[in-house]
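Subject: A structure for you to explore

Hi there,

Here is the structure I promised to pass on. Have a look around it first, and then read my notes below.

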Amino acid sequence: MIFEPEMEMMERGGLEEVQSARLREMVSTVYERVPFMRERYDEIGIKPSDIRGISDLWKLPFTRKSDLRDTYPFGLFTKDKKDLLRIHASSGTTGKPTVVGYTAGDLEIFGKVCARALAGGGAEPGMLLHNAYGYGLFTGGLGIHQGGETLGMVVVPASTGMTERQVRLIMDFGSQVLCCTPSYALTIAREFARQGIDAKEIPLRFALVGAEPWTETMRAEIDSHLGVRSVNIYGLSEIIGPGVSFECTEERHGSHINEDHFLGEIVDPETGAPLPDGEEGVLVITTLTKEALPLIRYWTGDVTSLDHSKCSCGRTLVRMAMVKGRTDDMLIVKGINVYPSQIEQAIGCVRGLTPFYRLLVDRSGTLDRLDVEVELSKEVFEEATAEFLSDEVVEADKLLREIREEAQRSIRENIGISARVILLEPERLPRSEGGKAQRVVDTRKVLVS
Ligand code: DLL
């Protein structure tokens with residue numbers, strides 16, 4: 001189902017006219033109402049009248065997360081505090097949180113873009129939505145909640161944690177749609193298995209997962225263990241929250257950006273120059289309709305690429321590839337750039353391994369070392385244990401050595417880096433309780449005084 005076909009299926013020429021008109025208005029508003037931005041535009045000699053349409057976008061400077069921090073908490077807002085209906089914030093690991101605000105109009109759009117995403121992911125009015133994104137300052141819980149209500153669904157505001165209860169509620173209520181982070185979807189799947197509930201008995205049919213990078217290997221696990229067809233949902237608080245882009249169940253090949261509200265570009269991470277379709281770079285987004293906190297050319301830091309080709313679902317909205325990671329999550333190990341999701345992908349195709357992994361980066365002397373801890377599947381672990389117990393130590397050793405060597409080879413061939421793979425027993429690594437998974441321990445960052 002397409003929630004707003006008149007916008008989601010608009011032909012490109014018409015869409016670009018809408019985008020250009022909205023961009024002109026947005027730039028004028030920001031220039032008039034945000035002194036911080038006016039000063040920046042004055043400094044480089046840009047006037048709102050220089051921006052006649054989206055083809056002039058490149059003339060405008062980027063807005064960065066540091067600009068939000070420097071003007072903390074409300075310095076980039078165009079509205080007075082009393083004209084807002086809601087505030088969200090993302091904690092950030094260091095320093096001040098990023099604060100975002102919404103007018104009534106913003107919340108209406110937030111509801112609609114999330115409703116579009118839910119519809120794209122298979123949801124329909126009347127279906128039950130089990131929403132296990134965190135409620136609170138995080139935009140995931142309330143954003144999806146509002147999207148569900150806007151679509152006409154019955155929303156169960158489960159939030160995160162208490163996984164045993166999540167499973168009971170899904171079973172008792174008969175929820176058909178699950179929304180949560182991909183790592184939490186795996187935790188929920190494990191809890192179903194622990195309670196002896198087979199995928200065929202689970203009422204869920206669709207899942208919209210996002211808020212953190214994930215891969216096709218994880219998708220296969222989520223789909224088979226929960227009995228769903230899972231799709232990606234992407235977004236960030238600064239732009240609105242979830243619902244910036246979403247995959248359709250038809251293709252599950254790239255997430256449609258809600259381009260009538262959010263104009264996406266891909267730029268070179270070093271030079272900032274725009275890159276063509278298919279080339280990987282940083283996603284930069286301009287909000288076209290946001291009232292309280294419009295952002296122009298916001299540098300998301302997320303690495304992806306765009307695809308304007310036709311999609312069989314009928315939507316004309318451009319698609320973005322799965323996010324590889326944020327430029328600031330990128331590790332440089334032995335001079336090679338590596339994203340955790342690339343390691344996940346490289347080990348994902350090795351038989352006997354699971355998507356539960358952790359990267360340990362260390363430096364001895366001047367040399368970086370990368371260890372990849374990864375859990376074995378239950379089947380392989382049991383096979384190896386049985387061999388050990390029946391004194392077939394050589395066979396067990398051979399089985400584990402082969403898996404380890406294959407994983408190391410896959411990492412070397414796909415990423416060009418040598419890593420040591422450490423096999424762990426199942427359930428060894430900490431599990432997501434609903435928030436974003438922490439996959440990297442980089443001890444090189446400890447300062448030496
Ligand atoms: O994570 C909003 C959201 C909630 C999206 C629920 C999807 C579902 P923030 O906490 O501000 O907002 O974090 C935004 O998370 O810049 C990406 O780095 C990452 N991210 C979000 N969605 C995805 C995704 C929410 N589908 C940051 N794939 C973004 C990969 C994602 N990374």
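To start you off: which residue takes a positive phi in the hairpin of S18 and S19? It is glycine 365, with a phi near 70 degrees, and the hairpin has 2 residues between the strands. Helices (H or I, at least four residues) and strands (E, at least two) are DSSP runs, numbered from the N terminus.

Some background before we go on. This is a predicted model, in which local features need pLDDT of at least 70 and side-chain atom pairs count only at pLDDT 80 or more, while totals for chains, interfaces and linings use all residues. Residues are numbered from 1 along each chain as its sequence is written, and side-chain values use heavy atoms, with hydrogens and water left out.

The pLDDT is the predictor's confidence in each residue, from 0 to 100. The protein chain has an average of 96, and 98% of the residues score at least 70. Confidence is lowest in strand S15 (residues 325-326), with a mean of 91, and highest in strand S9 (residues 255-257), at 99.

Strand S18 (residues 353-364) and S19 run antiparallel and are joined by 9 bridges; two strands count as paired if DSSP finds at least two bridges between them. Leucine 359 stands opposite valine 372 in S19. S19 also pairs with strand S20 (residues 420-424), in the parallel sense and over 5 bridges, and there glutamate 375 faces leucine 424. Of the 10 residues in S19 (residues 367-376), 8 are buried. Here buried means under 20% relative accessible area, exposed means over 50%, and partly exposed lies in between (1.4 Å probe, protein chains only).

Next, the sheets. Contact means heavy atoms within 4.5 Å, and angles run from 0 to 180 degrees between N-to-C directions, using axes fitted to C-alpha atoms, for helices over the stretch in contact.

Another open sheet, of 4 strands, has the order S10-S11-S12-S15 and antiparallel pairing. Is valine 267 buried or exposed? At 0% relative accessibility, it counts as buried. Its contacts include Phe62, Leu275 and Trp299, and it stands opposite valine 282 in S11.

Strand S2 (residues 98-102) is worth a visit too: 5 of its 5 residues are buried, so S2 is largely enclosed by the rest of the structure.

Finally, a helix pair. The axes of H7 (residues 163-173) and H8 (residues 182-194) come within 9 Å and cross at roughly 75 degrees. They are therefore roughly perpendicular (65 to 115 degrees; under 35 counts as roughly parallel, over 145 as roughly antiparallel, and the rest as oblique). Residues in the contact include Ile170 of H7 and Phe192 of H8.

Enjoy exploring!

Notes:
Lists of a residue's contacts leave out its neighbours within four places in sequence.
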